[in-house]
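I record here, entry by entry, what I looked up in this structure.

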Amino acid sequence: MRIDILTLFPAMFAPMSESIVKRACDKGFVEMHITNIRDYTEDKHSTADDRLYGGGAGMVMKPEPLFAAIEDCKPAKDKKVRIVMTSPAGELFTQKKARELALADQVIFICGHYEGVDQRVEDTYATDVLSIGDYVLTGGELPAMIMADSIIRLLPGVLGDDASSEEESFQDGLLEYPQYTRPPVFWGMEVPQVLLSGNHEDIRRWRRRQSLYRTYQRRPQLLSKALLTPEDVAVLTEIKKDTVKPFRLWVALLHYPVYNKKKEIVNTSLTNLDLHDISRAAATYDLAGFFIVQPAEGQRELITTLLGHWKRGFGARYNLHRHQALERTHLVVSLEDVIQAIGAPKLIATSAKAHPAMVGYDQMRRTMEKEGGDYLLLLGTGWGLTDELMADASYILRPIYGVGEYNHLSVRSAASIIFDRLLGEK
C-alpha cells in the first residue's frame, strides 16, 4: 500500500518514522509520502489560503495547489485509490472504516487547515470525508496520523502475528478485556486467578465477560452492532442485573401551573383520553405511578367520578385490564403533593422546544440506571410547563422530533414515546 499525506506542516509527521509504522515501511508493507502543499503554489509567498467568499472570519485553503498535488500523487487508473478529507464535519472514523481503507492500493489524506478547504476539492476528489471525534483541532495532521496508523497495522504481516489485530478492541464490536503481565502481585494488587489457572476455556469466558462488561459500562451504544452469541446475551443479562441500580419512574400530568398560547399561567381541563391512554401506557411500561395534578374543584369531581368507575365501580368488573391500568393512577391537588407522596424524587421536565440544558433519552436512561432512586417525569398540558417548573427540574428531556415541520403531538402520544425511549427495549 501507498499512503500520501498532503499537508502544510510536514514536520508534524516525524512520529510516523518510528515504531510499527517505521518497521512497516522498512519491510515494504507500506510506502509513506509526506507532501508539502506549498510546493504546488505558484507565487513567491507560497500562498495556500485566501479569504472566504461571502465574508466571515478566517481563511480557506485554495483549490489550485491541492488539485495539483492530488493529480501528482494519483497512480494509474487500474489502482484502487481512496482520497480522504479530514474534517470535523465528516463521518466518524471507526475500525470498520479502517478495515475498508486498508483494502485500497493507495490512500491519500488531505489535511485541512484554517476555516477549511475550498469545497471544490471535496466535490472533485474526496471519496471519504472523515472525523476522529466531535471536537475541533487546529488542523487535519493529527487525524491523518491517527487514521494512517490504524490502517497500517491492519495490513497483512505488519504486526507479525496477524492474530494480534484480530483480538484487539472493536474487531468484533466490543472493547478489549483487561491485560496483565508479571509480577503476579504488585502493590498488593493481584492478577485475577483465572489467568494463572492454565484453563483456556475458563480464560476465554473470563475475557469475553470482561469485554462485555467494559463495553456495557463505557460504550453501551456499541452493543447494538456487536456480533453477540446467545452466551453473550445471557452474560449481558447478568451484568445488567449486577450493575443497574434500582430506580422507579413516576409521571405527573400537570393541569396547573401551565401556559396558554399567550404565555399566561392557566388551569387546563382534563381530557378523558389522556386519563385512559397515559394510564395504560404507564402500566405497559411498569411506571411506579401516574399522578393527575388538578386543583380546580369541578374538574376534581369529574376525575374522581371517572376513577371511581374504573377502580371500584362497574368498569372495574366490566374491563379488568382497564381497571389494572387505572389502579396506579392518582388524583392530587398540586405538584407538591406528588413530591411529598413519592419522597423527594428528581424532576424530569419535558417540552416541545429545545433547551440549552436538555439531555437525550439514552443519557437519561443511563443516568437512572447508574444512580438509581426515584424520578418524576413532568408532562405539561396546554402550551407547556412554566419557566419556574423548568428551572426547578434536575433534567430537561430533548423534545420529540418527527420527520416534518409539524410539532404538535398530544400529551398522551408524547408520553408513550417517552416511556418507550426511557424504559422500552434497547
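**Entry 1: helix α7**

I began with helix α7, residues 200-218, which has 19 residues and reaches 27 Å from its first C-alpha to its last, close to the 27 Å expected at 1.5 Å a residue. I note at the outset that the model is predicted.

I then inspected the start of α7, where a side-chain oxygen of Asn-199 comes to within 3.2 Å of the backbone nitrogen of Glu-201.

Next I asked which residues of α7 are buried. I found Ile-203, Trp-206, Arg-208, Ser-211, Leu-212, Thr-215 and Tyr-216. I also looked for what covers these buried residues, and the cover includes α8 (230-243) and α14 (361-371).

**Entry 2: the largest pocket**

I turned to the largest pocket, which holds about 1100 Å³ of space. I counted 38 residues in its lining, and Ser-351, Ala-352, Gly-382, Trp-383 and Gly-384 lie nearest its centre. The elements giving two or more residues to this lining are β17 (373-380), α15 (387-392) and α16 (411-423).

Which element gives the most to the lining? I found that α16 does, with four residues.

**Entry 3: Ala-414**

I stayed with helix α16 and selected Ala-414, which is found there. Ala-414 has 16% relative accessibility and therefore counts as buried, the cut-off being under 20%. Setting aside neighbours within four places in sequence, I found Ala-414 in contact with Ile-400 and Leu-409.

I also checked the separation of Ala-414 from Pro-246, which is 168 residues apart from it along the chain; their C-alpha atoms are separated by 25 Å.

**Entry 4: Gly-289**

I moved to strand β13 (residues 289-293), in which Gly-289 lies. Is Gly-289 buried or exposed? Its relative accessibility is 0%, so I list Gly-289 as buried.

Not counting residues up to four places away in sequence, Gly-289 touches Leu-249, Trp-250, Val-251 and Arg-328. I also took the C-alpha atoms of Gly-289 and Ala-325, residues 36 apart along the chain, and found them separated by 10.0 Å.

**Entry 5: His-323**

I next examined His-323, whose place is in helix α12 (residues 320-326). His-323 counts as buried because its relative accessibility is 15%.

I asked what lies 3.3 Å from a polar atom of the His-323 side chain. I found the backbone oxygen of Lys-311 there.

**Entry 6: Ser-131**

My last entry concerns strand β7 (residues 128-131), where Ser-131 lies. At 5% relative accessibility, Ser-131 is another residue that I list as buried.

I looked at the side chain of Ser-131 and found one of its polar atoms 2.9 Å from the backbone oxygen of Gly-133. Which residues does Ser-131 touch, not counting those up to four places away in sequence? I noted Ser-87, Pro-88, Gly-90, Glu-91, Leu-92 and Phe-93.

Terms used
Residues are numbered from 1 along each chain as its sequence is written. This is a predicted model: local features need pLDDT of at least 70, side-chain atom pairs count only at pLDDT 80 or more; totals for chains, interfaces and linings use all residues. Side-chain values use heavy atoms; hydrogens and water are left out. On a 1 Å grid over the protein atoms alone, a cavity is a set of points where a 1.4 Å probe fits but cannot get out, and a pocket is an open set with protein on both sides within 12 Å along at least five of seven lines; lining residues have an atom within 4 Å of a point. Grid points are joined across faces, edges and corners, and a volume is the space filled by probe spheres set on the points. Buried means under 20% relative accessible area, exposed over 50%, partly exposed in between (1.4 Å probe, protein chains only). Contact means heavy atoms within 4.5 Å. A polar contact is a pair of N or O atoms within 3.5 Å; within protein, one must be able to donate a hydrogen and the other to accept it, and residues adjacent in sequence count only if both atoms are side-chain atoms. The expected span of a helix is 1.5 Å times one less than its number of residues.
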